[in-house]
Amino acid sequence: MTHDTMTLDLGAPPPAAPSIRRRHVDARQACRSIDLPRFDLVMTDPPYNSLNRHIEAGGTTVRLREFFETLSNDDVIGVLAALARRLRPGGFMLVAANWEAAYGLARADGVEYEGLKGSAPPVGQVTGIQWRVPWVWVKTKRGSEAEADELGPEDVRSGMGYYGRQAHEEILVLQAPGTPDPYVTQQLRRTANVIPAPVVLGKGAYPTEKPAELGSALLRAFCPRGGLVIDPFAGSGRWVTGPALEQGLSAEVWDVSAAAPAVRP
């Protein structure tokens, strides 16, 4: 599958008022050719090659090939490393990942999992960014209002999986060198790192879509007031665009597919 992408100049600073910039662009090319602004937060869910296993097993993820191709681990690391270099001092990078993808990005000692091997060094080794304690998204049923410490089996909805249906997903947390924004420091001290949020379902749902409730909680904890966030693999854009505007933030959302709701005008 191939996609035509537009040549874009993204180097101009973002406007002062909160806004969303939608870009139909391949993140791998954009990171090499564009003079990027400084970001306060990178928040994304890359198209990992581990998704190929779910596609082969069948199920709803088969549809994702209508929208995008999965990327090699090296390509994902290349994009994340490029954006890590554009983080403001103390800024954060949040990367949604299941356990397979997490192993591939962290390069855990002694861990080799078929399909996650690659030649690129870990993101932190490339940029100096530091790994922090991961957060967890607990997948709940729509309508559940249980807090993290009140969740019961009746609240949880399992997702895809072939060695057990996954009822949670990791949010990997990395931090650029430097002192974080005081507002973010305060928010992190008062916020639990387990977020219950409903799974996005429905005939028109974008593959592997992340809910706005999850994005809202993460933006509130990790992005400074009036900050700029980027999602280079935005897909539906649901977890970034609406929550960002509601919180007075600006966002860059990119996707290679013109069919992705995030980049449609």
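## Terms and overview

Two residues are in contact here when heavy atoms of one lie within 4.5 Å of heavy atoms of the other. The model is predicted.

The protein chain holds 8 helices and 8 strands. Of its 265 residues, 50% count as buried. Among the contacts with a separation of 6 or more, 74% come from residues 24 or more positions apart. The accessible surface of the chain amounts to about 12,600 Å². Carbon and sulfur atoms supply 49% of that surface.

## The sheet

The 8 strands form an open sheet. Their order is S1-S8-S7-S2-S3-S5-S4-S6, and the pairing is mixed. The edges are strand S1 (20-24) and strand S6 (194-198). Each has a single partner strand, so one side of each is left without a neighbour in the sheet. On average, neighbouring strands are turned by 20 degrees against each other, direction ignored.

S2 and S3 run parallel, joined by 5 bridges. S3 then pairs with S5 in the antiparallel sense, over 6 bridges. Here Met 93 has Leu 174 of S5 as its bridge partner. S5 (residues 168-175) is also antiparallel to S4 (residues 130-140), with 7 bridges between them. Two positions mark that pairing. Arg 132 has Val 173 in S5 as its bridge partner, and Val 138 stands opposite His 168 in S5. Finally, S4 and S6 run parallel over 5 bridges. Lys 139 stands opposite Ala 197 in S6.

## Helices on the sheet

Helix H3 (residues 73-84) packs on the sheet. H3 touches strand S2 (39-44), S3 and strand S7 (228-231). The direction of H3 makes about 155 degrees with that of S3.

H7 also packs on the sheet. The strands touched by H7 are S2, S3, S4, S5, S6 and S7. Its direction makes about 150 degrees with that of S6.

How many of the 11 residues of S3 are buried? The count is 9, so S3 is largely enclosed by the rest of the structure.

Arg 88 lies in S3. Its relative accessible area is 37%. That value falls between the 20% limit for buried and the 50% limit for exposed, so Arg 88 is partly exposed. Leaving aside neighbours within four places in sequence, Arg 88 is in contact with Arg 38, Phe 39, Asp 40 and Ala 176. Arg 88 and Asp 181 are 93 residues apart in sequence. Their C-alpha atoms are 9.6 Å apart in space.

A search of the whole structure finds 2 aromatic pairs. One of them joins Phe 92 and Phe 222. The ring centres are 5.1 Å apart and the planes stand at 70 degrees, so the pair is edge-to-face.

## Cysteines

How many disulfides does the structure hold? The number is 0. Cys 31 has a relative accessibility of 16%. The limit for buried is under 20%, so Cys 31 counts as buried. Cys 223 is buried too, with a relative accessible area of 3%.

Note on methods
Residues are numbered from 1 along each chain as its sequence is written. This is a predicted model: local features need pLDDT of at least 70, side-chain atom pairs count only at pLDDT 80 or more; totals for chains, interfaces and linings use all residues. Side-chain values use heavy atoms; hydrogens and water are left out. Rings of Phe, Tyr and Trp (its six-membered ring) pair if their centres lie within 6.5 Å; planes under 30 degrees apart count as stacked, over 60 as edge-to-face and the rest as tilted. Two strands pair if DSSP finds at least two bridges between them. Helices (H or I, at least four residues) and strands (E, at least two) are DSSP runs, numbered from the N terminus. Axes are lines fitted to C-alpha atoms, for helices over the stretch in contact, and angles run from 0 to 180 degrees between N-to-C directions. Buried means under 20% relative accessible area, exposed over 50%, partly exposed in between (1.4 Å probe, protein chains only). Accessible areas come from the Shrake-Rupley method with a 1.4 Å probe; for residues, only the protein chains shown count as cover. A disulfide is a pair of cysteine sulfur atoms within 2.5 Å.
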